[in-house]
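Thanks for coming, everyone. Please have the sequence and the model open while I talk.

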Amino acid sequence: MSNFDWSKLPFGYQKADYNVRCYFRDGNWGELEISSSEYINMHISATALHYGQQAFEGMKAYRGKDGKIRLFRWEENFKRMERSAHGIMMAPITKDIFKEAITKAVLMNERYVPPHGTGAALYIRPLLIGSGAEIGVKPAKEFLFMVFVTPVGPYFKEGFNPVKIAIVRDSDRAAPLGTGNIKVGGNYASSLTGIIKAQQAGYSSPMYLDSVHKKYIDEIGAANFFGIKNNTYVTPKSSSILSSITNMSIMQLAEDIGLTVERRQVEIDELDTFDEVGACGTAAIISPIGEVYDIDENKKYEFCKDGKVGPISTKIYNKLVDIQYGDEPDFHNWIEIIN
Ligand SMILES: Cc1ncc(COP(=O)(O)O)c(C=O)c1O
């Protein structure tokens, strides 16, 4: 095992030893190649550079108490990457290559998979780009699929504590019939002004509203939104948000503990009625929200007034993390042990 100070590891990029690559040429995917370089050699006219043909995934490998390495719902990441590829006219990677690539990338960098109990994990980043040269706006004929890994520390250095969110209305991350529902780089480029605006105002992330009416909650930074009230877990239904694998799992766990799950439009005003609200995604699992500030209306929605995270968010967070690290039985068959 590498000799990082695991408990101080940031949520950022650290070099590992190897990454894997696979090229799509002449209508076919080739053999997986292993590289120890952090760089790629690209044509200056590759469609990824000019026309945003780029999709990625984010997932983690977790080390259990038994020392074994676990992947969490990797097939969902594969399916989402397939949808992303179709959404921006790229050749989708096959399921077999995806699985082999993530497994190889993790096992070849096994010494970077953090020990159990440190709160750290190995982040896995599959990436698919248009590598073929074009000048007219059209899909590339050649693609490059890569997987690299990097050990990441717990998302919250201070622990599982409430964060503050700001509603941003003067920029949109995505449009209803755009690409917000797939994981492509352009969405993140258009989210940057909102992220920086929220951060400059002293908030950790922006809340995006639906871009047509500016009335319904879409997403929070790079995470889905949820609210809890009356024994019900409510999360937005919108054509412009990314379908979060964490949220999908939380909805199941919420049902398991007896909550009703509702996926529907959520008006901003409804914020007043929730007992607990949060954001969810692979990085932090659940970010409990303590305050949502509406910058334009100068209105604050406050939660966790005693400074403590709500009981249902805490219960679901612990359940999910325990399943991921193998500390709790995997009733839903979400885990695959790869060594
Ligand atoms: C825009 C956006 N929404 C939601 C999520 C959460 O998705 P997941 O739970 O699959 O990580 C992510 C992270 O991938 C994201 O980038």
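Two strands pair if DSSP finds at least two bridges between them. Helices (H or I, at least four residues) and strands (E, at least two) are DSSP runs, numbered from the N terminus. Before we use that, two notes. This is a predicted model: local features need pLDDT of at least 70, side-chain atom pairs count only at pLDDT 80 or more, and totals for chains, interfaces and linings use all residues. Residues are numbered from 1 along each chain as its sequence is written.

Let's start with strand E11, residues 217–220. E11 and E12 pair in the antiparallel sense, over two bridges. Glu219 stands opposite Asn224 in E12. The hairpin of E11 and E12 has two residues between the strands, and Gly221 there takes a positive phi near 50 degrees.

Now E12 itself, residues 223–229. How many of the residues of E12 are buried? Here is the cut-off. A residue is buried if 20 or more other C-beta atoms lie within 10 Å of its own, exposed if 12 or fewer, and partly exposed in between; the C-beta atoms are placed from the backbone. By that count, six of the seven residues of E12 are buried, so E12 is largely enclosed by the rest of the structure.

E12 also pairs with strand E15, residues 276–281. That pairing is antiparallel, over five bridges. Find Phe225: its bridge partner in E15 is Ala279.

Next, E13, residues 232–236. E12 and E13 run antiparallel, joined by three bridges. Ile228 has Tyr233 as its bridge partner in E13. Lys229 stands opposite Thr232 in E13. The hairpin of E12 and E13 has two residues between the strands, and Asn230 takes a positive phi near 45 degrees.

Is E13 enclosed or open? Four of its five residues are buried, so E13 is largely enclosed by the rest of the structure. E13 also pairs with strand E14, residues 260–264, and this time the sense is parallel, over five bridges. Thr232 has Thr260 as its bridge partner in E14. The chain goes from E13 through helix H5, residues 245–256, to E14, and this β-α-β crossover is right-handed. Right-handed means that, with the strands pointing away from the viewer, the path from the first strand over the helix to the second runs clockwise.

Let's stay on H5. Its 12 residues should span 16 Å at 1.5 Å a residue, and its end C-alpha atoms are 17 Å apart, which agrees. The expected span is 1.5 Å times one less than the number of residues. The buried residues of H5 include Ile245, Ile250, Met251 and Leu253. After H5 comes Gly258, with a positive phi near 95 degrees.

Now the ligand. Which residues surround the ligand? Among them are Gly58, Glu219, Asn224, Leu242, Ser244 and Thr282. A residue is near a molecule or strand if its C-beta atom, placed from the backbone, lies within 6 Å of it. E12 and H5 each supply at least two residues of this shell. The largest share, three residues, comes from H5. The shell divides into four nonpolar residues, seven polar and one charged. Here Ala, Val, Leu, Ile, Met, Phe, Trp, Tyr, Cys and Pro count as nonpolar, Asp, Glu, Lys and Arg as charged, and the others, Gly among them, as polar.

On to the loops. Met89 is in the loop between helix H2 (74–87) and helix H3 (95–108). Its phi is positive, near 55 degrees. Met89 counts as partly exposed because it has 13 C-beta neighbours inside 10 Å.

Asn333 is in the loop between helix H6 (311–324) and strand E18 (335–337). Asn333 also has a positive phi, near 55 degrees. Is Asn333 buried or exposed? It is exposed, with 7 other C-beta atoms within 10 Å.

Last stop: Asn339, in the segment after E18. Asn339 is partly exposed, with 13 other C-beta atoms within 10 Å. Leaving aside neighbours within four places in sequence, Asn339 is in contact with Lys68, Ile69 and Leu107. Contact means that the two C-beta atoms, placed from the backbone, lie within 7 Å. Asn339 and Leu107 are 232 residues apart along the chain, yet their C-alpha atoms are separated by 7.7 Å.
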